[in-house]
Amino acid sequence: MAILLGLDVGDIRIGVALSDELGVAAHPLCTLTRKNRKVDLIAIADLVSIHKVERVIIGLPISLDGSIGTQAEKVQKFAQRLENVIDIPIEFQDERFTTAEAEDILQELNKDTKEQKELIDEVSAVIILTDYLNQDRETTTAASTNNT
């Protein structure tokens with residue numbers, strides 16, 4: 001399996017997660033504080049290169065009704081710009097409720113408000129990447145079951 005990079009792209013920060021080589025688990029990597037478009041894209045391209053990433057998974061904040069809102073459009077534009085900087089596939093993963101789920105996880109870990117703010121984007125990126133990995137595993141399992 002390939003190493004995947006998960007991104008939770010926000011206006012102020014980008015949470016980053018990395019999968020293991022087997023595609024079994026996702027782990028927090030870092031939080032990038034947004035500077036400007038060029039710096040942000042270079043920072044992600046550097047992470048892709050350093051970690052030998054083969055695919056980038058970006059959380060897409062789809063509205064509850066399933067429509068693409070303003071924030072999702074911003075994320076899609078960011079992904080288009082990133083495609084011009086890296087030469088690997090980029091895919092989207094529905095990220096509805098990931099921030100709330102990340103907040104719950106951090107509260108369960110007894111993280112104070114300051115720690116939660118510092119970690120929320122990374123944890124959201126882990127959830128996005130984990131959801132993608134689980135969905136990919138389910139698809140692979142279903143396909144292999146249908147072939148037998």
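Me: Leaving aside neighbours within four places in sequence, which residues is Ser-124 in contact with?
Reply: This is a predicted model. Ser-124 lies in helix α4, residues 113-146. Beyond four places in sequence, its contacts are Asp-8, Thr-98, Thr-99 and Ala-102.

Me: Is Ser-124 buried or exposed?
Reply: Buried means under 20% relative accessible area. Ser-124 has 1% relative accessibility, so the residue counts as buried.

Me: Is Ile-62 buried or exposed?
Reply: Ile-62 sits in the loop between β4 (55-60) and α2 (70-83). The cut-off for buried is under 20%. Ile-62 has a relative accessible area of 19%, so this residue is buried.

Me: What distance separates the C-alpha atoms of Ile-62 and Glu-95?
Reply: Along the chain, Ile-62 and Glu-95 are 33 residues apart. Ile-62 is also in contact with Asp-94 and Arg-96, among others. The C-alpha atoms of Ile-62 and Glu-95 are separated by 7.0 Å.

Me: Why are the buried residues of α1 on the same side?
Reply: The buried residues in α1 are Asp-40, Leu-41, Ile-44, Ala-45, Leu-47 and Val-48. Lys-38, Ser-49 and Ile-50 are exposed on the other side.

Me: What do the buried residues of α1 pack against?
Reply: Helix α1 spans residues 37-50. Its buried residues include Leu-41 and Ile-44. They pack against β1, β2, β3, β4 and α2.

Me: Which residue caps the N-terminal end of α1?
Reply: The backbone nitrogen of Lys-38 lies 3.1 Å from a side-chain oxygen of the capping residue. That residue is Asn-36.

Key
Residues are numbered from 1 along each chain as its sequence is written. This is a predicted model: local features need pLDDT of at least 70, side-chain atom pairs count only at pLDDT 80 or more; totals for chains, interfaces and linings use all residues. Side-chain values use heavy atoms; hydrogens and water are left out. Helices (H or I, at least four residues) and strands (E, at least two) are DSSP runs, numbered from the N terminus. Buried means under 20% relative accessible area, exposed over 50%, partly exposed in between (1.4 Å probe, protein chains only). Contact means heavy atoms within 4.5 Å. The expected span of a helix is 1.5 Å times one less than its number of residues. A polar contact is a pair of N or O atoms within 3.5 Å; within protein, one must be able to donate a hydrogen and the other to accept it, and residues adjacent in sequence count only if both atoms are side-chain atoms.
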